[in-house]
Amino acid sequence: MLRLEKITPANFNAAIGVTVRADQAHLVAPVVKSLAEAYVHPETAWPRLILDGDRAVGFLMAFFDAELGGIRRSGLWRLNIADGEQGRGYGRFAVESVAAEIRRRGGTRLAVSWVPGENSPEAFYLKLGFRLTGEVDDGELVGELQL
């Protein structure tokens, strides 16, 4: 059964053990950096471990009411699906879970940004219905999904 779990001392090592494929490592920060960022941005960061049963298969970090591209937004800050676990619906589950949390908080749009280029997650996000906004934030393309 797929679920999200708050990062705790009990699952910290499982969370930081989530690593993406080697050819994707330049596209997303490691989980340990995301957790450090969540620590210094506790008012906006929402880090969660993605579990399939008791197995850690990914990590996500959402943000709520934070600045992205000069606009206040909520969305997906990081998505790390473990090497060997991609293509099994975990990424879609992560996006749908963040969308549900944004809706619960009264939001109507989900933002995400990604590094363009080889092995980029752009096709994944576009397939889920994200549309490019035309913005570039810190070298990353910005996409948005209407909820």
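Visitor: Which element supplies the largest share of the lining of the largest pocket?

Guide: Please bear in mind that this is a predicted model. As a general idea, rolling a probe the size of a water molecule over the atoms shows where empty space is left. In this structure, strand E4 gives the largest share of the lining of the largest pocket, namely five residues. Strand E3, E4, helix H3, strand E5 and helix H4 each supply at least two residues of that lining.

Visitor: How much space lies in the largest pocket, and which residues lie nearest its centre?

Guide: The space in the largest pocket comes to about 1100 Å³. Its lining consists of 40 residues, and those nearest the centre are Val28, Leu79, Ser113, Pro121 and Tyr125.

Visitor: Let us turn to strand E4. Is arginine 78 buried or exposed?

Guide: A residue counts as buried when its relative accessible area is under 20%. Arginine 78, which is found in strand E4 (residues 71–81), has a value of 13%, and it is therefore buried.

Visitor: What does the side chain of arginine 78 join in a polar contact?

Guide: The side chains of arginine 78 and glutamate 37 are joined by a polar contact of 2.6 Å. Beyond its neighbours within four places in sequence, arginine 78 is in contact with several residues, including Val28, Ser34, Phe59 and Met61.

Visitor: Which residue in strand E3 has a positive phi although it is not glycine?

Guide: That residue is aspartate 65, with phi near 50°. Aspartate 65 belongs to strand E3 and counts as partly exposed, at 48% relative accessibility.

Visitor: Where does aspartate 138 lie, and is it buried or exposed?

Guide: Aspartate 138 is in the loop between strand E6 (131–137) and strand E7 (140–146). Its relative accessible area is 77%, so it is exposed. Aspartate 138 is not a glycine, yet its phi is positive, at about 50°.

Methods. Residues are numbered from 1 along each chain as its sequence is written. This is a predicted model: local features need pLDDT of at least 70, side-chain atom pairs count only at pLDDT 80 or more; totals for chains, interfaces and linings use all residues. Side-chain values use heavy atoms; hydrogens and water are left out. Helices (H or I, at least four residues) and strands (E, at least two) are DSSP runs, numbered from the N terminus. Buried means under 20% relative accessible area, exposed over 50%, partly exposed in between (1.4 Å probe, protein chains only). A polar contact is a pair of N or O atoms within 3.5 Å; within protein, one must be able to donate a hydrogen and the other to accept it, and residues adjacent in sequence count only if both atoms are side-chain atoms. Contact means heavy atoms within 4.5 Å. On a 1 Å grid over the protein atoms alone, a cavity is a set of points where a 1.4 Å probe fits but cannot get out, and a pocket is an open set with protein on both sides within 12 Å along at least five of seven lines; lining residues have an atom within 4 Å of a point. Grid points are joined across faces, edges and corners, and a volume is the space filled by probe spheres set on the points.
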